[in-house]
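Please follow this account with the sequence and the coordinates side by side. The paragraphs move from the pairing of the chains to individual helices and then to one residue.

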2 protein chains.
Amino acid sequence: MNVPPRLLMGPGPITVDPRVLQAMSNQLVGQFDPWMTDAMTEVMGLYRQVFKTANEQTFLVDGTSRAGIEAALVSLLEPGDRVLVPVFGRFGHLLVEIAQRCGAQVHTIEVPWGEVFTPEAIADAVAAVEPRLVAVVQGDTSTTMCQPLEEVGAIARAHGALVYCDATASLGGNPFETDAWGIDVVTAGLQKCLGGPSGSAPITLGPAAVEVVEARKHVEAGLRPIPGEADGDTDSGTVIASNYLDLAQIIDYWGPRRLNHHTEATSMLYAARECARLLVEEGIDQAVARHRRHGEAMLAGVRGLGLEVFGDVAHKMSNVVAVHIPEAVNGDRVRAGLLDDFGIEIGTSFGPLHGKVWRIGTMGYNARTDAVLTTLAALEQVLRAEGAEVTAGGGVGAAKEVYAS
Amino acid sequence: MNVPPRLLMGPGPITVDPRVLQAMSNQLVGQFDPWMTDAMTEVMGLYRQVFKTANEQTFLVDGTSRAGIEAALVSLLEPGDRVLVPVFGRFGHLLVEIAQRCGAQVHTIEVPWGEVFTPEAIADAVAAVEPRLVAVVQGDTSTTMCQPLEEVGAIARAHGALVYCDATASLGGNPFETDAWGIDVVTAGLQKCLGGPSGSAPITLGPAAVEVVEARKHVEAGLRPIPGEADGDTDSGTVIASNYLDLAQIIDYWGPRRLNHHTEATSMLYAARECARLLVEEGIDQAVARHRRHGEAMLAGVRGLGLEVFGDVAHKMSNVVAVHIPEAVNGDRVRAGLLDDFGIEIGTSFGPLHGKVWRIGTMGYNARTDAVLTTLAALEQVLRAEGAEVTAGGGVGAAKEVYAS
């Protein structure tokens, strides 16, 4: 394989920490090898620290972050359940779509892309809808907005609702407090601030959510002593519509019962373990501070180049910034110039923002000074070559001022 | 990480080919980098060779082999559809369970574990049930049986049914002819005869299956120019119950439209690519012959030790053998002795065979002479130490006779 060298400064996936690649290059052990089950237990403990939770049920779903989202929603929601989704970007729409496919009755509130909700707006909607579940994204990379969630747990609990949060793009780079904020279920992915590759979805479930899920547990027919016939297992409640993403079964696989489900994706588990280990070693709060620092440098840098930032900057995620593509240039040509001449990738966006903004990330392994300065230096060159007016040295200079402060 | 060295001689996952681990250690490129999209296209071509098909729609599902199974069934089946599942082991029961969760009307025929179906039995059931889909496992590792499938395509087509086959445990190690046998959809995994880790599910769909799937395509709301509102896309048919495993959306992601869906698990794609590349380099038929040779050696070897083989040996998969655990010994202690003293893993089984047989694999990277002989030598020592009557040198000797022939 001859993979071209890239500096991935888009909204993710980003360049993987080389230590994670090293971890993935380890040989396999068997699925129920004591070393493997110990490693699974260790992963549960590491992700409790990452999610800032005491939740026993903290493990990995074997798929990309989207698999984690669907596992949460399909296991929590029964057909007809009312769900409230505050939508502020593409990934809010994804929650709506997945919840609808679960047969839920989905209610939404929306703000224009580039804004977030006030706690009052969410509280009003919860009171009006009386949902069983509030499903909300923390950081929606499509708009770069970071929804404040400190109060959402209390708001939901006051109305008997659970809260699910998709923290894929934000976890590890922005403050997140599963227990302190009262969030019942959180899912993530490795390919953003955790510095790993896509393909494993860490998840945590609090006791109330576990109760909902376990009440729907059905043991796989082929695992029973007499296949297809009932045994000691309860097997009550509405069957979860997915087998692969059935959290009740996955809990039995990760738990002391070790009941066979899928064959754990061991190499991805090695990756997920190393991502969490590095984050815990650095300190979660320190990692969040690092993302804030490099995010501020990139923000100052793009402004220093004369670019205009998209959206409500006060509520921007620390790990990604969206900038308006200047009228004078062709956005795709600039991205191609960065990639072809400098090996640097930045992103475009989706839906209403497609072709209108670039998204530049500073996350995971690439929340680093050299990555930020190199990107700004290259962007200046490409913008100039494409005919945009740019302040010479303005990007790197402004970022360096942030670093010096 | 300090992973213990293991020789994985169970029913899978097995020891990964070191070249696959090397491929996985490559750094990422961006999701829509021209190098990445070229690599995806290359993977499609490689798996066409592995599946022996001309099917355009041949790609990867991002999850374990079970994710591939569910993607096939949830995308093909609508609630109320009649499905016929010939069940001859645990993984037949899994097809039943997943199809039921899709809301299908599932009909089964069964043979005792250790047997397979005659084509006539399948033909009679298809005629009686008139299903929309016949869903069948090729190699069910729970029993080690390999279901003959040469005629199933013609049988189904005569009744207007499609055929789905789960070839996870058999592909690459037993003959499989997607097009020649008229199988509409096939899924697999890397962790058996393909010599890779679990976590990526190759899939191929023929034109008739693609038609069914595409008739249910709905573009994700957040990707539309005006989110949530219809645009040029057809968006007709019954919505597929899963978003993550929606093959219509995944086809649009792998195809020329490159419409964003999940974030491809790039490291697993590197692994899947290398698995297929190695297999194509060796030659699919040569790989099948290699599995047959080492499978025969292991079969002769366990018999040479005095062990009794489970099931209909004439229909055994080439890559795994099940042996009755002798009365005199404790099966779990033997497995623990092999693991602790020799670093060798063999498996037990599920359901009615749990604790009654061991399963010994010879597949992928471990379909090798040294792996077979080492396992037989160690098994002899452990059996003797546990009080079983074994023929001294009988296992290795019988295997060597096979190799010499």
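Two residues are taken to be in contact if their C-beta atoms, placed from the backbone, lie within 7 Å. This is a predicted model, in which local features need pLDDT of at least 70 and side-chain atom pairs count only at pLDDT 80 or more, while totals for chains, interfaces and linings use all residues. Residues are numbered from 1 along each chain as its sequence is written, and chains are lettered from A and ligands numbered from 1 in the order in which they are written.

By that contact criterion, 67 residues of chain A are in contact with 67 residues of chain B. On the chain A side, helix 1 (18–24), helix 3 (65–76), helix 4 (90–101) and helix 9 (266–282) each supply at least two residues, where helices (H or I, at least four residues) are DSSP runs numbered from the N terminus. Helix 4 of chain A gives the most, with 8 residues. This side of chain A divides into 31 nonpolar, 24 polar and 12 charged residues; Ala, Val, Leu, Ile, Met, Phe, Trp, Tyr, Cys and Pro count as nonpolar, Asp, Glu, Lys and Arg as charged, and the others, Gly among them, as polar. Because 100% of the interface residues of chain A are also interface residues in chain B, the copies meet through the same surface.

A residue is buried if 20 or more other C-beta atoms lie within 10 Å of its own, exposed if 12 or fewer, and partly exposed in between. Among the buried residues of this helix are B:Arg66 and B:Glu70.

A:Ile98 has its place in helix 4 of chain A and, with 26 C-beta neighbours inside 10 Å, counts as buried. Not counting residues up to four places away in sequence, A:Ile98 touches A:Ile69, A:Glu70, A:Leu73 and, in the other chain, B:Asn243.
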